[in-house]
Amino acid sequence: MEQDLKGTCPACGEEVNWNYKTENIPYFSDILIITCSCPECGYRFSDVQNISTSEPVRYVYCACSEDDLAARVVRSSAAKITIPELGVEIEPGPACEGFVSNVEGVLLRVDKILDGIMIDGDDEQRRKAITLKEKISNIQGGKESVTLIIEDPHGNSLIHSEKAKKENYLPESE
Ligand SMILES: [Zn+2]
């Protein structure tokens, strides 16, 4: 199912198309992918929603070979991603995008952030970024393993693999 609905841009109020698309993930359920991009002001939005559940969920997935990097990852804008080996925590926030990707795609997103630090960061930050970029390329080559943890208080996220451990958890109250 894919549908365009007319709406207004939350940033500038122009009329824009909101795109709603469902995608079926085997053994899981349908997810809804919502995207909007405003040609007038450049505002972009994307998020994913699990249609069937809203229980808090945590997935822990260890990728130890190149093949493991192909596992599907659905991340909603409310989910937190932790990659302990890289010391990376991607916190949810209003500027956060939901996405459907795979483990390698998540690593590429981190790598892109590191590219930004290489340009804007100080010497210390650059040194760290170089070390992390090396680790990422080792992981991509299957030379190092990596753990991906996704915590979603609304259950909209998942890592789709038999090797992914699914746990319930209690979200920290704010
Ligand atoms: Zn706009």
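Tutor: Welcome! Strands are DSSP runs of E with at least two residues and helices are runs of H or I with at least four, numbered from the N terminus. Please keep in mind that this is a predicted model, in which local features need pLDDT of at least 70, side-chain atom pairs count only at pLDDT 80 or more, and totals for chains, interfaces and linings use all residues. Residues are numbered from 1 along each chain as its sequence is written.

Student: Thanks! Which residue has a positive phi in the turn between β3 and β4?

Tutor: Strands pair if DSSP finds at least two bridges between them. β3 (residues 30–37) and β4 (residues 44–50) are antiparallel and share seven bridges, with Ser37 opposite Arg44. Six residues lie between the two strands of this hairpin, and the one in the turn with a positive phi, about 85°, is Gly42.

Student: How many residues of β1 are buried?

Tutor: A residue is buried with 20 or more other C-beta atoms within 10 Å of its own, exposed with 12 or fewer, and partly exposed in between, the C-beta atoms being placed from the backbone. β1 has seven residues (2–8) and lies largely in the open, because its number of buried residues is zero.

Student: What is the C-alpha distance between Asp30 and Ser52?

Tutor: Asp30 sits in β3 and counts as partly exposed, because it has 13 C-beta neighbours inside 10 Å. Beyond four places in sequence, Asp30 is in contact (C-beta atoms, placed from the backbone, within 7 Å) with Thr22, Glu23, Asn24 and Ile51. Ser52 is 22 residues away from Asp30 in sequence, but the C-alpha to C-alpha distance is 7.5 Å.

Student: Which element gives the largest share of the side of domain 1 that touches domain 2?

Tutor: The domain bounds, from an automatic or database assignment, are 1–52 for domain 1 and 54–169 for domain 2. Ten residues of domain 1 are in contact with twelve of domain 2. On the domain 1 side, β3 and β4 each supply at least two residues. The largest share, five residues, comes from β4.

Student: Which strands stand at the edges of the open five-stranded sheet?

Tutor: The order is β8-β7-β10-β5-β12, with antiparallel pairing. Each edge strand has a single partner, so one side of it is left without a neighbour in the sheet; these strands are β8 (88–90) and β12 (165–167).

Student: Which residue in β8 is the bridge partner of Ile83?

Tutor: β7 (residues 80–83) runs antiparallel to β8, and three bridges join them. The partner of Ile83 in β8 is Val88.

Student: Last one: which residues touch the most other members of the largest nonpolar core?

Tutor: Such a core is a set of buried Ala, Val, Leu, Ile, Met, Phe, Trp, Tyr and Cys residues joined through C-beta atoms within 7 Å. Elements giving two or more residues to it include β5 (57–63), α1 (103–120), α2 (123–140) and β10 (146–152). Leu148 touches Tyr61, Ala63, Ile81, Ile83, Val103, Val106 and Ile159, leaving out residues up to four places away in sequence. Among the 26 core residues, those touching the most other members are Tyr59, Tyr61, Val103, Leu148 and Ile159.

Note on methods:
Two residues are in contact if their C-beta atoms, placed from the backbone, lie within 7 Å.
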